[in-house]
Amino acid sequence: MELNGVTIDDTYAEAFPTWVARPIITAVTEEWAYKAAVEAVGFATSTIGCPAEAGIDCFVSPDETPDGRPGYAIMICASKKKLKEQVVERLAECVLTAPTTAVFDGLSDVVAEVPEKLPVKLHFFGDGYEEKREVGGRTVWAIPIMEGEYIGEEEFGAVKGVAGGNFFIMGENQMAALTAAQAAVDAISGVCGVITPFPGGIVASGSKVGSNKYKFMGASTNEAYCPTLRDKVENSKVPEGVKAIYELVIDGVDEDSIKTAMAEGIRAATRVPGVKFISAGNFGGSLGPFKFELKDVLAEYL
């Protein structure tokens, strides 16, 4: 298979279930909303070593937010047991503390049904001086703080989503692969209901489940996809002429959002000169039940 002259591997991306919350953070300017959103999704690239996977979903214009101010939707992904704690901690430490912020639930904007609600009782920070208000038809708490008031909803929807959708971009050199990965991230940013949780949306390291040598490691370098090991390992999957590989990992509210994001990202990547091959990561079903066949994801483009 080929797309824009780039070979598409006949393989699939393997993904696993996760629970997703989607707060919308607003502020007096887009810049301040973005600053708070960036802080709120910090240290959340992979559940291998982080307490959650999180990222910025999209910009939300003032005419779409309850308080008529610019905002950013973020997504926080974790196990059902951990999700409430992660939402509470990230909003309390990174958003309530940020200048001019307010927070609203944004999950119903991207899913038809919201099966769970997470009670986030930040109003106790008001030490008895807090009060209930209504903003944009929503019940919120106003908490007195030094700059004025923090406004926030205290129930956030949660839905069972998908984590770990992915694809690999293989280039003839590092800059070609990186440029293509950046183009893919930009394309995916236009898809609502998904995030690419790694730095800049791009995974440089890659990984595999477990370790060949160090049994105490839960994950380790994926030697089959390391270009510098192409002539040193028997199971190398690095095509000839490929010098750099980047992975994009995608979490979403459902399977359709993952498929759309993968398709948009791959299509953008294959338009960049120097990209040789597109593949995906899977572990034979040991990681999760979702399989995203590249040929199916790209069916309308091939």
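Predicted model: local features only at pLDDT ≥ 70, side-chain atom pairs only at ≥ 80, totals over all residues.
The chain is made up of five helices and 18 strands. Its 302 residues would give a radius of gyration near 19 Å if folded as a compact globule, and the value computed for the chain, 21 Å, agrees with this. Taken along the principal axes, the box filled by the C-alpha atoms is roughly 65 × 40 × 30 Å. Among contacts in the chain with a separation of 6 or more, 74% join residues 24 or more positions apart.

Of the 302 residues, 53% count as buried. The accessible surface amounts to about 14,200 Å², and carbon and sulfur atoms contribute 50% of that area. The chain carries 27 positive and 43 negative charges. A distance of 7 Å separates the mean position of the positive charges from that of the negative charges.

The largest nonpolar core comprises 36 residues. Within this core, the residues with the most contacts are F167, I169, M262, I278 and F292. The surroundings of I278 illustrate how separate parts of the sequence meet. When residues up to four places away in sequence are not counted, I278 touches V6, T7, I8 and D9, together with F168 and I169. Another core, of 32 residues, lies apart from the largest one. Its members include A21, I76, A78 and L118.

How values were computed: Residues numbered from 1 in each chain as written. Heavy atoms only, no water. Helix = DSSP H or I, 4+ residues; strand = E, 2+ residues; numbered from the N terminus. Rg over C-alpha atoms; globule rule 2.2 N^0.38 Å. Buried < 20%, exposed > 50% of the residue type's maximum accessible area, 1.4 Å probe, protein only. Contact = heavy atoms within 4.5 Å. Areas by Shrake-Rupley, 256 points an atom, 1.4 Å probe, with all protein chains shown as cover. Lys, Arg positive; Asp, Glu negative; His and termini not counted. Charge placed at Lys NZ, Arg CZ, Asp CG, Glu CD. Core = buried A, V, L, I, M, F, W, Y, C linked by side-chain atoms within 4.5 Å.
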